[in-house]
Amino acid sequence: MNLELSEEQGAVRQLAEDFVAREITPHVVEWDRAESVDKSIVKKLGALGFLGLTIPEEYGGSGGDHLAYCLVTEELGRGDSSVRGIVSVSLGLVAKTIASWGSEEQRQQWLPKLTAGEAIGCFGLTEPGTGSDAGNLTTRAVRESGGDYVINGSKMFITNGTWADVVLLFARTNDTPGHRGISAFLVPADTPGLTRRTVHGKLGLRGQATAELVLEDVRVPASTLMGPEGKGFSIAMSALAKGRMSVAAGCVGIAQAALDAAVRYAGEREQFGKSIASYQLVQELISDISVDVDAARMLTWRVADLIDRGQDFATAASTAKLFASEAAVRAANNALQVFGGYGYIDEYPVGKLVRDARVMTLYEGTSQIQKLIIGRALTGVSAF
Ligand code: FAD
């Protein structure tokens, strides 16, 4: 086993670190307060190849392996989870899924634009009534005699929703109950009948465009169906299995940011005539964060290694996502404790880390759902 990064991986990480310092860190507080990151960041991400990692170059991708993808995701997560999420969804959940499941025509249509940051993708699975229970979603796509599908339903909490040019949409195409009746579609976001509304008032990820989508008689040609009819749930689950690695890497970034901030502040702040870094209980907070960072990072890198070696990775991805998301919440909270009252105001970075970390145990499968996935793999019994 060799945990040393290759020259190429080290260079990609450095590129991401420089990008964060130059394009993200100076704007983080302003974007958070304004409830929107500057959309021009998307093209900049595309220009550096960060929206094309692991995608073949023939489709505009920048190649690279999954560890390189994790390194970039971690750095972006360290800078601003709202930006990290744009990449995790547009590349991780949408472009990669098109690369795996799309027809040649669909790949040609969407991948060059998505990888360049000229188009943004969103992933439409969750509905108001079905979150964890996505296999029972109710959005319907009915095939008409002319061949078109007409889609009706609604989607909730869709990241990039108001910004997206294409929705990877999951809808029921037949009456078979549960996940077997679900199909995947690539719906252009400007299709008549598709309305998008911003979800305001989020605890964290305030700079990110999260939306509710309403579909009223949205008519799309049969060529928008991606993969075989009825295979949509498998497509969604395969996207999420890889997506969980990306979320885990983003969580490592949050925890690393918490560690960096806590160490820096502990060295600067004095109480009782001494640096607070000299107190054992403060050192305990810092060392707890550090252990969480290391453990979360190793679990995440293991997933990348399994994917790159063509091994089964789904359970390892759930393990990494479960641990890293809970670790990010703990780490951010411990860092806030190190900052005392100053941690509670947004001139300092740790309050935002707490708010942004909190969603990580919820989306792409809650912590409870990850435990059911891991438990099912170990026992062979589904507790769903
Ligand atoms: P519920 O499923 O109602 O769960 C509520 C509680 O019940 C949780 O604690 C859960 O763990 C528990 N629970 C549910 N079922 C079980 C069970 N069988 N056993 C034990 N406990 C259970 N979705 C998308 O499709 N695309 C996106 O881009 C996207 N982005 C998001 C961005 C944000 C900011 C947020 C908040 C959500 C996003 N989501 C997205 C939705 C997200 O994936 C869901 O919120 C998540 O899957 C949980 O679903 P729910 O909110 O309906 O909670």
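These questions and answers cover the pockets and the ligand of a predicted model.

Residues are numbered from 1 along each chain as its sequence is written. Local features need pLDDT of at least 70 and side-chain atom pairs 80 or more, totals for chains, interfaces and linings use all residues, and side-chain values use heavy atoms, without hydrogens and water.

Q: How much space lies in the largest pocket?
A: A pocket is an open set of points on a 1 Å grid over the protein atoms alone, where a 1.4 Å probe fits, with protein on both sides within 12 Å along at least five of seven lines. Volume is the space filled by probe spheres set on the points, which are joined across faces, edges and corners. For the largest pocket this space is about 1300 Å³.

Q: Which residues lie nearest the centre of the largest pocket?
A: Lining residues have an atom within 4 Å of a point. The largest pocket has 47 of them, and nearest its centre lie Thr126, Gly131, Tyr363, Glu364 and Gly365.

Q: Between which domains does the second largest pocket lie?
A: The second largest pocket holds about 430 Å³ of space. Of its 23 lining residues, the closest to its centre are Thr25, Val28, Arg78, Gly79 and Pro349. Domain bounds come from an automatic or database domain assignment. The pocket lies between two domains because both give residues to its lining: domain 1 (7-120) and domain 3 (234-379).

Q: Which residue has a polar side-chain atom 2.7 Å from a nitrogen atom of the ligand?
A: The ligand is surrounded by 15 residues (a heavy atom within 4 Å), with Phe123, Thr126, Ser132, Phe157 and Thr366 the closest. Phe123 has a polar backbone atom 2.8 Å from a ligand nitrogen atom, and Thr159 has a polar side-chain atom 2.8 Å from a ligand nitrogen atom. The residue with a polar side-chain atom at 2.7 Å is Thr126.

Methods. Polar contact = N/O pair within 3.5 Å; in protein donor to acceptor, adjacent residues only side chain to side chain.
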